[in-house]
Amino acid sequence: MARHHTPDQLAAWQALERHARTLRQVHLKELFVQSECRWSAFTRTVNGLTLDLSKQRWNDETLGHLLALAEEAGLPGAIEALLSGQRVNVSENRPALHTALRLPAEATLTVEGDDIVAAVHESLAQMERLVERLHAGQWRGATGKPIRHVVNLGVGGSDLGPLMVTHALADYRPEDIHPVEVHFASTMDGSQLADYLARFNPETTLFILSSKSFTTIDTLSNANTAKDWLLGRLSEHDDMAGSDPVSAELIVRQHFIGVSASPEKMCAWGIAPDHQLMFWEWVGGRYSLWGTIGLPIALIVGMAHFRALLAGAHAMDNHFRQAPLDQNLPVLLGLAGIWNVNFLDIRAHSILPYDGRLEYFAAYLEQLEMESNGKSVTRQGEEVGYSTCPVLWGQLGPNAQHAFYQLLHQGTQPVVCDFIAPLKRYDDIEDPDTQRHLKAQHRLALANCFAQSRVLMLGDDAVDEEGTPPAHKRYRGNQPSTTVLMDELTPHTLGALIALYEHKVFVQAVIWDINPFDQWGVELGKAIAKETQAMMEGESALDSLDASSQGLIRTFRAAEQGKSLK
């Protein structure tokens with residue numbers, strides 16, 4: 001994957017700059033007038049997903065230049081390097097093998113002499129055993145009562161991925177299982193956890209402690225609070241046999257599952273070896289929902305549907321590896337982003353799902369894209385001279401229409417939008433009247449989805465009674481958008497959708513010549529926070545800090561002591 005030139009020095013990049021100077025002046029509605037077959041030229045359907053790129057501000061010549069850039073940047077070889085287990089994470093000198101987590105059991109993938117597929121499926125089998133115990137009501141707390149509430153303690157990828165998928169696939173909860181409710185606590189201030197501890201019965205509450213390193217301060221702070229709560233509430237109870245006081249060891253054993261790449265740290269914390277689930281250093285946190293970090297997903301939808309999620313992602317992996325670049329969904333989606341950011345200077349990107357089940361999809365993509373590609377140095381450590389990841393943000397489209405769509409239509413900031421929706425919904429509703437009303441609501445949501453992308457493209461030159469366009473009503477249009485349609489929202493299509501965006505991020509990273517698999521900026525923030533905490537607790541002097549930080553810490557100290565600096 002190494003190369004000798006930065007992307008902006010490549011011939012295809014420079015050809016795109018010349019081409020962009022002309023096409024920037026062309027309105028999207030003109031591009032539709034120029035080509036009657038624009039929909040078919042820029043739309044592809046694969047694995048239950050339809051990708052409509054016809055409302056991007058490009059034409060056939062643009063796409064030709066972008067495909068040439070992908071070739072010149074070495075994208076085909078980079079795709080193979082990623083999926084074959086080469087050390088694509090150059091700063092940490094290891095592979096990035098989240099795709100291996102969704103390989104079928106009969107597959108083989110040898111990485112540096114070891115076939116890793118068997119280990120992956122052993123971890124899934126261990127997760128399945130834990131899920132089956134909980135679904136059967138056979139997992140008992142320290143006092144013998146079956147577990148009723150499961151709280152996932154994680155942050156970042158250990159929280160956002162499982163949270164997003166469990167919400168999206170809540171309709172797929174298996175019937176006839178012991179009722180287990182899954183909850184999420186990620187905030188280090190304890191506010192989410194405090195609410196659960198105030199409401200839940202400690203005898204029937206289980207915690208999943210998810211941390212790749214098992215050193216994440218946010219997660220461990222919540223875990224220690226949960227442990228103290230359990231010990232304080234359960235130590236006075238009798239054990240499962242009803243004869244002896246419950247021991248601290250039994251409480252931790254029966255009320256915690258650990259998910260980490262560090263079994264020795266899990267053991268030191270007190271988690272029993274048979275209640276530990278493994279994942280690997282070559283899986284980044286934001287790419288980890290496909291493995292044991294996905295335990296909350298499996299608890300909600302069952303292992304059969306969890307495996308369908310993996311199968312959908314694997315189908316997209318195969319497409320990404322095998323399809324020609326001009327038919328490749330992740331490649332085309334990634335190239336559209338390159339065109340918008342680097343040649344049309346559009347640096348804001350909004351994710352707008354039109355299905356309430358995808359409520360957390362925008363937040364999930366914010367981490368996936370901005371933590372991966374929010375980089376300003378190349379893989380060789382040189383400062384980039386071009387833009388990389390745009391600012392990503394979003395919300396459910398029907399709600400956003402009443403919030404920030406005003407800026408999209410008439411603001412001064414250009415924004416590219418992704419509209420995401422399922423074509424079919426509510427087919428499984430048994431009552432015909434209810435089904436008819438809900439299907440009408442689904443059509444209404446799709447009508448708004450299609451209409452909003454159309455207005456963003458065309459604009460609206462409204463006129464008053466005298467035929468003069470009133471400025472306050474004028475929409476300029478020419479805002480590019482992508483529409484992703486799912487045949488319906490199922491575990492399989494959701495897996496394919498997530499993998500589509502994962503691979504899109506990789507495509508852009510290759511072309512920008514950056515490493516999407518590290519996050520040193522995040523690590524620096526954690527280190528500085530530890531130093532600052534020591535200073536707040538009076539363990540270190542403040543003299544080395546800037547005036548603002550000193551003032552903030554002194555204000556905190558005074559407030560803690562009931563004083564005022566005024």
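A pocket is an open set of grid points, where a 1.4 Å probe fits, with protein on both sides within 12 Å along at least five of seven lines. The exercises below use this term for a predicted model.

**Exercise 1.** Describe the largest pocket by its volume, its lining and the helices that contribute to that lining.

*Solution.* Begin with the volume, which is about 1100 Å³ for the largest pocket. Its lining consists of 44 residues, and those closest to the pocket centre are V155, T216, V522, E523 and K526. Next, sort the lining by residue class, which gives 14 nonpolar, 19 polar and 11 charged residues. Finally, turn to the helices: α7, α9, α14 and α19 each supply at least two lining residues, and the largest share, nine residues, comes from α19.

**Exercise 2.** Decide whether E369 is buried or exposed, and list its contacts beyond four places in sequence.

*Solution.* Locate E369 in helix α14. Its relative accessibility is 1%, so E369 counts as buried. Leaving out residues up to four places away in sequence, E369 touches G374, C389, L392, Y501, K504, V505 and Q508.

**Exercise 3.** Classify the pair formed by the rings of W393 and F404, and state which parts this pair ties together.

*Solution.* The structure holds 16 aromatic pairs. For W393 and F404, the ring centres are 4.6 Å apart and the planes stand at 65°, so the pair is edge-to-face. Because W393 lies in strand β11 and F404 in the loop between α15 and α16, the pair ties together parts that are 11 residues apart in sequence.

Terms used. Residues are numbered from 1 along each chain as its sequence is written. This is a predicted model: local features need pLDDT of at least 70, side-chain atom pairs count only at pLDDT 80 or more; totals for chains, interfaces and linings use all residues. Side-chain values use heavy atoms; hydrogens and water are left out. On a 1 Å grid over the protein atoms alone, a cavity is a set of points where a 1.4 Å probe fits but cannot get out, and a pocket is an open set with protein on both sides within 12 Å along at least five of seven lines; lining residues have an atom within 4 Å of a point. Grid points are joined across faces, edges and corners, and a volume is the space filled by probe spheres set on the points. Helices (H or I, at least four residues) and strands (E, at least two) are DSSP runs, numbered from the N terminus. Ala, Val, Leu, Ile, Met, Phe, Trp, Tyr, Cys and Pro count as nonpolar, Asp, Glu, Lys and Arg as charged, and the others, Gly among them, as polar. Buried means under 20% relative accessible area, exposed over 50%, partly exposed in between (1.4 Å probe, protein chains only). Contact means heavy atoms within 4.5 Å. Rings of Phe, Tyr and Trp (its six-membered ring) pair if their centres lie within 6.5 Å; planes under 30 degrees apart count as stacked, over 60 as edge-to-face and the rest as tilted.
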